Each structure stands twice: as structure tokens, then as C-alpha cells.
Amino acid sequence: MTLSGRVSEIRQEFAVRYTYPVCFTRAALDPDNPALPNVFREGGAARHRVLVVADQNLLAVRPNLLDAVRRFASAHQDLVELVGPVVAVVGGEPAKRGLTTVRRLQRVIERHGLCRQSFLLAIGGGAVLDAVGYAAGTAHRGIRLVRMPTTVLGQNDAGVGVKNSVNAFGKKNFLGTFAPPFAVVNDFDFLATLPARELRAGIAEAVKVALIRDAAFFRELCAARDALAAFEPRAMEPMIVRCASLHLEHIRAGGDPFEFGSARPLDFGHWSAHRLEVLTAGEVGHGEAVALGVALDSLYSYRRGLLSREDLEQIFEVLEGVGFRLHHPGLAGLDIAAALEEFREHLGGSLSITLLAGLGRGVEVGEIDCRLMEQCVEALGERA
Ligand SMILES: NC(=O)c1ccc[n+]([C@@H]2O[C@H](COP(=O)([O-])OP(=O)(O)OC[C@H]3O[C@@H](n4cnc5c(N)ncnc54)[C@H](O)[C@@H]3O)[C@@H](O)[C@H]2O)c1
Ligand SMILES: [Zn+2]
């Protein structure tokens, strides 16, 4: 090619299609349950090399999980070859503390000679899934990842999407990838060993997504709040499925699955939540922080004249009704301007914060009045 003018350009353009199943089941490792074998079959007729990584805290309360994995693999020898023993990784937010977990997993992946056709099967809470996902997304530029989320929040939000990350430089999710999983298998049975605090945490993401997207779902959460507060499976399970499906729909049909733009409505309430998690060194968990952040941004929406008093009260009623406390002393240390700037920087572009213009109606705004927000933080404290 000759360069006739100053610049010659070839426009490169292509689309990559992603498809992955998100199943809901019980006893997923039971040799007779078809969910997981179907996933491996989708990977081709071959016998697949599989490395299982599990949340240490999960293993502590479910010591028989190791046997269940072995039994599953030996019942499906035509499909699955375990390349080594289950790798236990530290559970909860410490899994995401810098690159320690990720480095360790990358080393194990290399040692076992896993290739891009091999599978990592990650079993654990959202934090472990985020860290394993980052290791899977970076080794060989991406090996197949099957997620088995074992928390409510993992099943209805963290485990079903396309993001992986770890925390670094004092910032949540600073390092990470957009790497859709090969499949997600949600097994409700895992929730039986979750402590109350963690069961509740996942309800916050359902309230969040209902508030920005789905008024009918919000009314259902309202009506079911006593059953949710008691973590009754008949209320929890449909809540999980609906919440997961709203997240999936946003990723699939929202027009920006890899978040190239500056708006991220699913992060309603998250600009303060992420800071609060860091400020309290994880004492306030992600879901609890989201409940607080949702309360704060709902109050701000009301004070900005976007939301009616009646709607605001309903939001508080649901959040408190399922057992969240809507204040934490750590909020006093929140530097609002800095937290907003950190949130903006993570997404790039100009600031875009989701507020509420009604139940089920998220709206993006480009500016936050820090003084008014400060008054909202104080008001939450006074209410408490
Ligand atoms: N990637 C995403 O799109 C996305 C979305 C939302 C949240 N997240 C991330 O997810 C994380 C929160 O996840 P989480 O709420 O699942 O918390 P978590 O992973 O911290 O798990 C909570 C606790 O429960 C333990 N645990 C897990 N399963 C258990 C079980 N079945 N029985 C008993 N204990 C069990 C864990 O070890 C941990 O101690 C945060 O780091 C958050 O940033 C990621
Ligand atoms: Zn969240």
C-alpha cells in the first residue's frame, strides 16, 4: 500500500458473541444432576481437564464438599478429569486483597499445564469468584471459568456477570478484567450454611436493582419482607432468580456490557458503599454497604425533589424490615467529594451517578451537591 496522503487508515471492526448459561438448581454436584455435566458437554465431547478452586470458609462448614467433588468427577469420568486436589483459597474480601490469591492460582494453573480449553470450577462467595475470575481471565489470556456462587449476593449479582477484580492501592476492584464466564451454576443448597448477615447482604442488591428497574419487583420485595427477614427459601429463591435475571438483562440488553460509557446504573448506591467497605476495613460487608448506599442516595433523591416522601419511606421500610441498619459510624469518615471522584475515575469520563425519580425509575445525574449529600449522611445518623 502506498501512502498517498498523510494518513492511511484501515478501519478494523468486528463483534464477538458471548453466550453462557446461568442455571439455578439444588445438589449441583449430585452425580444425577444434569446441570454441571451439561456445562462440560457444551465445551465439546472431549474429556475436560478441570481444576476446582473453593472458598476456604465454605470448606470449613462443608467438609464433605471435597468428597462430593470426587464423587461427581468419578461418576462423569468420560467428561471430567480432575487435574489435582481442590485448591482452597482464603474466603471473603481477603481473597481480593491485592494479587496474592491471583498469583497463587496462576502458578497452580501453570503447574498443572491447564490450557484455554481446560476448566476452572470456582466454588465460593463473590469475593473468591472475583479473584478466581481474574486469574482465569489472565492465565493464557483467558481459560474457561465455571462459577458456582455459594452466597446470596454471589448468586443474584456478583457471580452471574462479566466482571472480575481484586482490590489494590486502597481501592475496591482497581485491578480486573471483563471476562464472561463459560457458565454459572447456582446451587441453592449452599445457602443453608450461610450466616444471617450474609443471607441478608444479598437482599440489598435485589432492592437496588428493583429500585432502578422494576417497580413490580420492588412491591413484591415489600410484600415479602417478613419472609425475607426470616430468610425463608420460598421468598429468598425467587428473589435471587429475579435479581440475577435483571442483572443479566442489563448486561445483555443495556447496550454497554463492558461499561465503555460513563453510566453504570447497576452501581446505584455503590459510590459510597465501596468507600465504606474500605474505610471500615471490611467490617461492613459489600451487601450491607450497598443497603446503606441505597438508603443514602434515595434520601438524596428525595431532598433533590426527585422522589416522593411516601416512596422514600417505603424504601426505608423494606431495607429496615429485612434487617439492615441504615447508619454506620464509619459514614462519618466518608469524604464525599473524594469518593465521588474515585467512582468517576473508575468508570472514566464525566461523573454519572444514578438517583431515583420514582420506584423502579433510576435516573443519571452528572452532579452531586456535596453539602446536601453531607446533610443526608447526618440525617441518616440522626434517624438511627
Ligand atoms: N464481579 C461483580 O460483578 C461483582 C458484583 C457485586 C459484588 N461483587 C463483589 O463480591 C464481593 C462480595 O461477595 P459476597 O457478598 O458473596 O461475600 P463474600 O464472598 O465475602 O462471602 C461472605 C462470607 O461468606 C463465606 N461463605 C461463602 N459461601 C458460604 C457458604 N455457603 N456458607 C458459609 N459461608 C460461606 C465467605 O468465605 C465469606 O467469609 C465483594 O468483593 C464485591 O465487590 C462483584
Ligand atoms: Zn454490589
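Trainee: How many helices and strands does the protein have?
Mentor: In this predicted model, the protein has 15 helices and 11 strands.

Trainee: And what is the radius of gyration of the protein?
Mentor: The radius of gyration is 22 Å, close to the 21 Å that the globule rule gives for 384 residues, so the protein is as compact as a globular protein of that length. Along the principal axes, the C-alpha atoms fill a box of roughly 70 × 60 × 35 Å.

Trainee: What share of the residues is buried?
Mentor: Buried residues are 46% of the 384. As for contacts with a separation of 6 or more, 78% of them are between residues 24 or more positions apart.

Trainee: Switching to domains, how is the protein divided?
Mentor: There is domain 1, covering 22–193, and domain 2, made of 196–255 + 262–383. Their C-alpha centres lie 28 Å apart. The contact between them takes 18 residues from domain 1 and 23 residues from domain 2.

Trainee: Which elements supply the side of domain 1 that touches domain 2?
Mentor: Strand 1 (22–25), helix 6 (152–158) and strand 8 (171–178) each supply at least two residues. Helix 6 gives the most, with 5 residues.

Trainee: What about that side by class?
Mentor: On the side of domain 1 that touches domain 2, 8 residues are nonpolar, 6 are polar and 4 are charged.

Trainee: Now the ligand. Which residues are closest to ligand 1?
Mentor: Asn57, Gly91, Gly92, Gly125 and Gly126 are the closest of the 29 residues that surround ligand 1.

Trainee: Which helices supply residues of the shell?
Mentor: Helix 2 (56–61), helix 5 (126–138), helix 6, helix 7 (196–213) and helix 12 (286–303) each supply at least two.

Trainee: Why does Leu340 count as partly exposed?
Mentor: Because Leu340 has 19 C-beta neighbours inside 10 Å, and buried would take 20 or more.

Trainee: What is Leu340 in contact with, leaving aside its neighbours within four places in sequence?
Mentor: Trp271, Leu351 and Ile368 are in contact with Leu340. Val132, in turn, is 208 residues from Leu340 in sequence and 28 Å from Leu340 in space, C-alpha to C-alpha.

Key. Residues are numbered from 1 along each chain as its sequence is written. Chains are lettered from A and ligands numbered from 1 in the order in which they are written. This is a predicted model: local features need pLDDT of at least 70, side-chain atom pairs count only at pLDDT 80 or more; totals for chains, interfaces and linings use all residues. Helices (H or I, at least four residues) and strands (E, at least two) are DSSP runs, numbered from the N terminus. The radius of gyration is taken over C-alpha atoms; the globule rule is 2.2 Å times the number of residues to the power 0.38. A residue is buried if 20 or more other C-beta atoms lie within 10 Å of its own, exposed if 12 or fewer, and partly exposed in between; C-beta atoms are placed from the backbone. Two residues are in contact if their C-beta atoms, placed from the backbone, lie within 7 Å. Domain bounds come from an automatic or database domain assignment. Ala, Val, Leu, Ile, Met, Phe, Trp, Tyr, Cys and Pro count as nonpolar, Asp, Glu, Lys and Arg as charged, and the others, Gly among them, as polar. A residue is near a molecule or strand if its C-beta atom, placed from the backbone, lies within 6 Å of it.
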